[in-house]
Amino acid sequence: MISWRKHYKQTLIAIGLLLSTSASIYGQDGDPKNGEKLFKANCTACHALDKQVIGPPLKGVVERVKTEGGVDKDWLHKWIKDNKALRASGDKYANEIFEKFNKTEMLQFPNLTDKDIDDILAFTTNPPAPEPEPAATTATGTDAAAAAPANNTTTSVVIISLLAIAALLVWILIKLRQLVKLGQSEDLAGLNETRVRSFSEIYEKYHYIGKGALAILAILATYGIWNWVMWIGVYKGYKPEQPIYFSHKIHAGEQKIDCQLCHSSAKYGKVSEIPSMNVCMNCHRTISEYNAKHYMEPGKDKAFYDGEIQKIYAATGWDSEKQQYTGKTQPVEWTRIHNMPDFVYFNHSQHVVAGEQAIINSFNKKNPDNKIDVVCKACHGKIDTMNVVQMANDFTMGWCIECHRTTEVDMNNGYNKEYFKNLHDKLKKQYPQTEGKITVDAIGGLECGKCHY
């Protein structure tokens with residue numbers, strides 16, 4: 001009897017271990033967490049879990065292909081690794097999908113292992129629950145809106161109280177004046193009659209002081225007018241609102257997008273043009289919502305950013321549901337921020353290419369605590385930290401001349417080195433006292449005709 005019970009217990013333990021091992025093996029058919037990383041790295045350009053982007057939504061794709069096409073997970077492995085070869089083999093379901101999605105060819109992923117694909121499919125079948133968002137450190141738009149009435153009420157109460165106090169003080173002063181007048185003696189009354197009551201009499205009595213004061217006022221007025229005239233056309237700090245909100249801090253700072261990816265003509269053209277909306281669509285064709293939870297501007301929320309992306313779609317005529325252009329576009333009237341006067345010639349390519357390293361070195365030498373790594377920042381400021389772009393410098397003639405007087409020419413510039421060789425050799429002989437450190441003014445940087453024509 002004891003022996004039977006002993007074997008019975010051992011049998012139960014063995015069955016339990018077998019079941020747990022089987023469950024473990026089944027659970028390890030794919031790792032959803034690793035699959036999420038692989039999905040974001042390889043699939044998000046064309047797919048989302050819950051909506052169509054370029055390709056179909058992938059949530060529950062394993063069950064869907066089994067129901068629609070009668071195929072299993074092995075078929076998905078072949079499709080993901082090389083869908084082109086699968087279609088070429090005459091696979092019916094593969095060609096049906098190709099036709100269904102306007103013959104848009106999916107990329108091949110031969111680098112993904114079977115384990116990688118299993119992990120991705122596990123993620124699409126059972127995506128991990130999203131991590132709870134950290135508590136907001138700044139007031140959201142809703143909180144700000146709720147707090148606004150209370151702030152307005154408090155402000156109104158304070159203003160009304162101050163006005164009441166001011167009115168009371170005026171009333172007290174009037175009453176005191178009346179009491180003083182009633183209590184005046186006859187001597188004081190007679191003295192009041194002899195007071196000087198006209199400006200001409202006062203001026204006649206104190207004309208030297210008056211002339212000195214007028215001279216000082218004239219000097220101050222002249223200085224004020226001169227200062228006002230000299231600052232006409234200087235708009236440092238100017239940062240207008242744009243029809244579509246665009247944060248350079250998010251794109252150039254957080255996402256590390258190179259300036260010249262959007263402003264492609266800055267390096268090889270005279271003007272750094274405003275990028276067309278097609279440039280925006282290179283990314284936002286697949287990025288239809290804002291998911292960067294790690295960075296959110298104070299007072300703005302996800303709904304705000306998503307709304308601005310929808311403005312891009314409206315401007316380009318993009319139908320995100322059908323994943324095609326409608327042909328109905330809306331021009332975007334951007335507000336220009338940096339604009340040189342018509343009588344000033346400025347060439348971006350000359351500064352970005354020929355003078356790039358020299359400008360960066362000169363700026364960092366003058367600003368050791370505020371160094372830059374891209375030549376654009378020398379004139380436009382640290383754009384990658386600006387949510388709203390503003391004019392960071394004066395852009396006056398004096399500001400440009402000062403830069404030309406202090407920026408050293410890069411004598412070892414690899415760009416057209418042979419072209420500049422004779423000029424550099426000549427300058428070294430002409431200015432031996434500088435020991436090869438030649439500033440831009442020595443190569444015509446102060447000639448009027450260089451910038452004015």
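Predicted model: local features only at pLDDT ≥ 70, side-chain atom pairs only at ≥ 80, totals over all residues.

Me: What makes Cys 43 count as buried?

Reply: Buried means under 20% relative accessible area, exposed means over 50%, and partly exposed is in between (1.4 Å probe, protein chains only). Cys 43 has 14% relative accessibility, so it counts as buried. Cys 43 sits in the loop between H2 and helix H3 (61-68); helices (H or I, at least four residues) and strands (E, at least two) are DSSP runs, numbered from the N terminus.

Me: Which residues is Cys 43 in contact with, leaving aside its neighbours within four places in sequence?

Reply: Contact means heavy atoms within 4.5 Å. With those neighbours left aside, Cys 43 is in contact with Leu 38 and Ile 120.

Me: How do you know that the buried residues of H2 are on the same side?

Reply: In helix H2 (residues 32-42), the buried ones are Gly 35, Leu 38 and Phe 39. They cover an arc of only 105 degrees around the axis, so they are on the same side of H2; the arc is that of the directions from the helix axis to the C-beta atoms. These buried residues pack against helix H6 (114-125). The face turned away from them carries the exposed residues Lys 33, Lys 37, Lys 40 and Ala 41.

Me: Why is the pair of Lys 40 and Glu 36 called a salt bridge?

Reply: A salt bridge is a side-chain nitrogen of Lys or Arg within 4 Å of a carboxyl oxygen of Asp or Glu. The closest N and O atoms of Lys 40 and Glu 36 are 3.6 Å apart, and the pair forms a salt bridge. Both residues lie in helix H2, four residues apart, about one turn of the helix. An α-helix has 3.6 residues a turn, so residues three or four places apart point the same way. Lys 40 is exposed because its relative accessibility is 54%, whereas Glu 36, at 26%, is partly exposed.

Me: How many salt bridges does this rule give?

Reply: The count comes to nine.

Me: What joins Glu 289, Lys 302 and Asp 306 into one network?

Reply: Glu 289 and Lys 302 meet in a salt bridge at 2.9 Å, N to O. Glu 289 lies in the loop between helix H14 (277-284) and helix H15 (302-316) and Lys 302 in helix H15, so the pair ties together parts that are 13 residues apart in sequence. Asp 306 and Lys 302 also meet in a salt bridge, at 2.7 Å, N to O. Salt bridges that share partners join Glu 289, Lys 302 and Asp 306 into one network. Asp 306 is buried because its relative accessible area is 16%.

Me: Is Leu 173 buried or exposed?

Reply: Leu 173 has a relative accessible area of 58%, so it is exposed. Leu 173 lies in helix H7 (residues 141-182).

Me: And how much of the protein chain is buried?

Reply: Buried residues make up 24% of the 453 residues in the protein chain.

Methods:
Residues numbered from 1 in each chain as written. Heavy atoms only, no water.
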